[in-house]
Amino acid sequence: MPALPLIVDTDTGSDDAVALLLAAASGLGDIRAVTTVAGNVPLETGTRNALISLETAGRTNIPVYPGCARPMTRTLSSAQHVHGEDGMGDIGLPDPVTVRESTHAVEALLSFPREHPGELTLVTLAPLTNIAAALLRDPGLFTRYRHVYCMAGAADLRGNISPSAEFNVWADPEAARIVTQAATPGKVTWIGWDVSRKDAVMTEADQRRLEQLGTPMATFAHRINRTVAEWARDVTGLAGYDLPDPVAMAVALKPDLVTEQEQAHVDISVSSDTRGQMIIDRRVSAPAPNLTLVRRVDETGFKKLLFDTVTTSVTTPVPVPVGSPLAGAVPSAL
């Protein structure tokens, strides 16, 4: 099977970084562009982390486009208390050699699918601010992508940032609501924190295996999740740290990992007491479904993909491609 052409939107913290390794080094993904947004960390930090992650995977040829520096209507509330001040476990990673692009991420999200209609899969690992901003400019945007996979929400209403909300949706619920209003279940799939909590937990045995592999990518993936492991122990009470963004990326790369899913009509709460909570209408009289919700994945298959990827030796980066649809594009004012 040819590698899946991808656009990845990320607020690169430590689990986003592992997801980027899967997309860039598994052989299953062909990343055409990475867009960044404020979320886990401020925009500049997340952009730096995306460049570092791609370099770790040996992919210095992938352009990275920084986007929105704050949610649509709210002040930024980061997850640095989870991922560390630098978003990568505060382990002192050196600055990347590669540099970001000057074009705004929203312009990239709009331009690439216009040039390659129906070819590209969009995977979002972050608050949906960039995606909502692009939809406001082009309401038919999702029709130009092959499919859209979002690490977003908690379909069982068990949250990680509040009692009932997942961080990406909670961080910018107005943006998430715009996305659900533009979505159709045949085009947009959400993989929520409920899936990660059940099927993507790195137990102590998994963590030891990752550490003992000793390859550059395995060592990187292990070390950057140091603070997440502490947070999982003290807050979520899981048997290890979980990997929400990597499991979402795995579903995009290998849809046959999905063992349970449903279609439902979903809205997002923007009120203060239930901010970011998914409102899922499963009644017979409910409006037509707008999302496909993944509920379970094959944990063994997911972890095999992860370990196989980080065991791989990094290959020499391919030369920077020419002919990007954004060549010479002027940065957006967004």
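Trainee: What is the volume of the largest cavity?

Mentor: This is a predicted model, in which local features need pLDDT of at least 70 and side-chain atom pairs count only at pLDDT 80 or more, while totals for chains, interfaces and linings use all residues. Residues are numbered from 1 along each chain as its sequence is written, and side-chain values use heavy atoms, with hydrogens and water left out. A cavity is a set of points, on a 1 Å grid over the protein atoms alone, where a 1.4 Å probe fits but cannot get out, and its volume is the space filled by probe spheres set on points joined across faces, edges and corners. The structure holds one cavity of 30 Å³ or more, and the volume of the largest cavity is about 250 Å³.

Trainee: Which residues lie nearest the centre of the largest cavity?

Mentor: Helices H1 (14-25), H3 (80-83), H7 (167-171), H12 (226-236) and H13 (244-253) each supply at least two residues of its lining, a helix being a DSSP run of H or I with at least four residues, numbered from the N terminus. The lining (residues with an atom within 4 Å of a point) numbers 20 residues, and those nearest the centre are Asn40, His83, Asn160, Phe167 and Pro244.

Trainee: What is the handedness of the crossing of H5 and H8?

Mentor: With axes fitted as lines to C-alpha atoms over the stretch in contact, and angles running from 0 to 180 degrees between N-to-C directions, H5 (residues 129-137) and H8 (residues 173-182) come within 8 Å and cross at roughly 55 degrees. That makes H5 oblique to H8, since angles under 35 degrees count as roughly parallel, over 145 as roughly antiparallel, 65 to 115 as roughly perpendicular and the rest as oblique. A crossing is left-handed if the near helix is turned anticlockwise from the far one by less than a right angle, and right-handed if clockwise; the crossing of H5 and H8 is left-handed.

Trainee: What is the handedness where H4 meets H5?

Mentor: The axes of H4 (residues 105-115) and H5 come within 9 Å and cross at roughly 60 degrees, and the two helices are therefore oblique to each other. The crossing of H4 and H5 is right-handed.

Trainee: Which residues of H14 meet H1?

Mentor: H1 and H14 (residues 299-311) pack at an angle of about 75 degrees, with their axes 10 Å apart, and are therefore roughly perpendicular to each other. Contact means heavy atoms within 4.5 Å, and Val18, Leu21, Leu22 and Ala25 in H1 meet, in H14, Phe302, Leu305, Leu306, Thr309 and Val310.

Key:
1 Å grid on protein atoms, 1.4 Å probe; cavity = no way out; pocket = protein on both sides within 12 Å on 5 of 7 lines; lining within 4 Å.
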